[in-house]
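Have a look at it first, and then we'll go through it piece by piece.

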Amino acid sequence: MSFVINQDISIGPALKALRLQNNLSQEDVSVRLQVMGFSMMSREIISQIERGRHNIRVSVLLALKEIYNATFDDIFSDVSLRPENGE
């Protein structure tokens with residue numbers, strides 16, 4: 001049996017939970033990302049990512065993984081596979 005991932009998933013809620021677990025504000029995360037070289041990462045963009053309204057670049061995802069000291073399992077905790085035929 002093969003599996004598919006729903007293409008309309010959002011990892012925003014997991015990223016928000018990780019941010020809160022680390023006692024960081026969206027502004028804190030924005031500043032840390034800017035220090036890491038992501039100059040366009042504003043607090044508003046962090047908010048949009050967490051609400052699923054802004055697609056996240058892989059490079060930013062890797063930076064957030066480092067900032068949050070998280071694993072990919074933590075980040076993708078809400079992502080589930082479903083059988084390709086819908087069973």
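Predicted model: local features only at pLDDT ≥ 70, side-chain atom pairs only at ≥ 80, totals over all residues.

Now for helix 1 itself, which spans residues 12-21. Which of its residues are buried? They are Gly12, Ala14, Leu15, Leu18 and Arg19. These sit on the same side of helix 1, because they cover an arc of only 160 degrees around the axis. As for what lies over them, the cover includes helix 2, helix 3 (43-50), helix 4 and helix 5 (72-75).

## Helix 3 and Glu50

Helix 3 has its own set of buried residues: Ile45, Ile46, Ser47, Ile49 and Glu50. Helix 1 and helix 2 are among the things that cover them. Just after helix 3 comes Gly52, with a positive phi of about 75 degrees.

Glu50 deserves a stop of its own. This residue belongs to helix 3, and its relative accessibility is 9%, so Glu50 counts as buried. What does Glu50 touch, leaving aside residues up to four places away in sequence? The answer is Gly12, Pro13, Leu15, Lys16, Arg19 and Gln26.

## Where helix 2 crosses helix 4

Next, pick out helix 2 (residues 26-35) and helix 4 (residues 58-67). Their axes come within 11 Å and cross at roughly 115 degrees. Is that crossing left-handed or right-handed? For helix 2 and helix 4, it's right-handed.

On the helix 2 side, the residues that take part are Val29, Arg32 and Leu33. They meet Val60, Ala63, Leu64 and Ile67 in helix 4. Sorted by class, this contact of helix 2 with helix 4 has six nonpolar residues, no polar ones and one charged one.

## A pair of rings

How many aromatic pairs does a search of the whole structure find? It finds one. The partners are Phe72 and Phe76, with 6.4 Å from centre to centre and 35 degrees between the planes, and the pair is tilted.

Conventions. Residues numbered from 1 in each chain as written. Heavy atoms only, no water. Axes fitted to C-alpha atoms, helices over the stretch in contact; angles between N-to-C directions. Helix = DSSP H or I, 4+ residues; strand = E, 2+ residues; numbered from the N terminus. Left-handed = near helix turned anticlockwise from the far one by under 90°. Contact = heavy atoms within 4.5 Å. Nonpolar A, V, L, I, M, F, W, Y, C, P; charged D, E, K, R; others polar. Buried < 20%, exposed > 50% of the residue type's maximum accessible area, 1.4 Å probe, protein only. Arc of directions from axis to C-beta. Phe/Tyr/Trp six-rings, centres within 6.5 Å; stacked < 30°, edge-to-face > 60°.
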